[in-house]
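Reader: I am new to this structure. Please show it to me, and then let me ask about it.

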Amino acid sequence: MKQSLEEMTDPAGLKISSLVKSYGKKTAVDGLSFSVGKGDIFALLGPNGAGKTTTLKMISGLIIPDSGSVTLDGEPAGDQRQRIAYVPDEPTIFPNLSGREFLRYTGRLRGLDPERIKERTLLCSKVFEMDGWLDNRSGSYSHGMIQRVVLSGAFIARPDLYVIDEPLVGLDPPAAETFWRMVEAAAAEGAVIIISTHTLAIASLHCKRFGIIHNGSLLRSLSRGELSRGGLQDLFFEVTGTSPAEVSDFFRNH
Ligand code: ATP
């Protein structure tokens, strides 16, 4: 009770309230409410089609909700786009641009001065091991290379709110480790971080809070300390009713 009272009165961080979005007759997000505080790393989890991407796009202002609100530090998030970085689940870069040109362009859009962009690009190039190919045309990049560049764009911008959709697909283990270190550093500086992922075991190591959604509604919200021994995966199966035991039964019976 105490926590929900604090959530109601403390406007700091991200707060989404009664968010609804339908595509025709399909209600993708159905009255979703939760908040993510400054310095929090929040994992938005749910089965395929649960409404995660739609939610993240509404938070980022890329989709207008049918109703409900998204605020960052008490003000509409839509009016604060410069404070938000969104990384989509299928990141793309115009193929004629090199990774470095993309990062320069991203930094300029954020209003960063060229020296600052250079300095932060150098750091990202080192930690994400992009030195050997950052000046090549991105049309020649693998999925993981594009992912590293686009994630670097978010880290170079140093926003107050990171909205990251499924970052781990395509990243090799060292790049994934780097990603989490960068996220943890941003959180330590007070950024709000929301990440959607299906990689539950990794999410449970690095994220501080979790929200499990299904059919556009929040089924469970908890902190890492509240996870039981079965961990996030068992909880996910339990609350979404998607137990792998049912799959085994299906194969046995057919
Ligand atoms: P996944 O884990 O598979 O990426 P998700 O949780 O991100 O799924 P969404 O992409 O938000 O789910 O989709 C939620 C629901 O809305 C799904 O039923 C999907 O078919 C539907 N949907 C999403 N985008 C559109 C669209 N542009 N037009 C029509 N329906 C859509």
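Reader: Is L232 buried or exposed?

Author: This is a predicted model. A residue counts as buried under 20% relative accessible area. L232 has a relative accessibility of 3%, so L232 counts as buried.

Reader: Which residues does L232 touch, leaving out those up to four places away in sequence?

Author: L232 lies in helix α8, which covers residues 231-240. Contact here means heavy atoms within 4.5 Å. With residues up to four places away in sequence left out, L232 touches L45, L200, A203, S204, F210 and L227.

Reader: How far apart in space are L232 and I202, C-alpha to C-alpha?

Author: In sequence, L232 and I202 are 30 residues apart. In space, their C-alpha atoms are separated by 9.8 Å.

Reader: Now the ligand. Which element gives the most to the shell around the ligand?

Author: The residues around the ligand include Y23, K26, A28 and H198. Also among them are P47, N48, G49, A50, G51, K52, T53 and T54. Two elements, β2 (26-36) and α2 (52-60), each supply at least two residues of this shell. With three residues, the one that gives the most is α2.

Reader: How many residues of the shell around the ligand are charged?

Author: Sort the shell by class. Four residues are nonpolar and six are polar. The charged residues number two.

Reader: How much of the ligand's exposed area does the protein bury?

Author: One in N48 lies 2.9 Å from a ligand oxygen atom, and one in K52 lies 2.8 Å from a ligand oxygen atom. In H198, a side-chain N or O atom is 2.9 Å from an oxygen atom of the ligand. Taken alone, the ligand exposes 630 Å², and the share buried by the protein is 59%.

Conventions
Residues numbered from 1 in each chain as written. Predicted model: local features only at pLDDT ≥ 70, side-chain atom pairs only at ≥ 80, totals over all residues. Heavy atoms only, no water. Near = heavy atom within 4 Å. Polar contact = N/O pair within 3.5 Å; in protein donor to acceptor, adjacent residues only side chain to side chain. Areas by Shrake-Rupley, 256 points an atom, 1.4 Å probe, with all protein chains shown as cover. Helix = DSSP H or I, 4+ residues; strand = E, 2+ residues; numbered from the N terminus. Nonpolar A, V, L, I, M, F, W, Y, C, P; charged D, E, K, R; others polar. Buried < 20%, exposed > 50% of the residue type's maximum accessible area, 1.4 Å probe, protein only.
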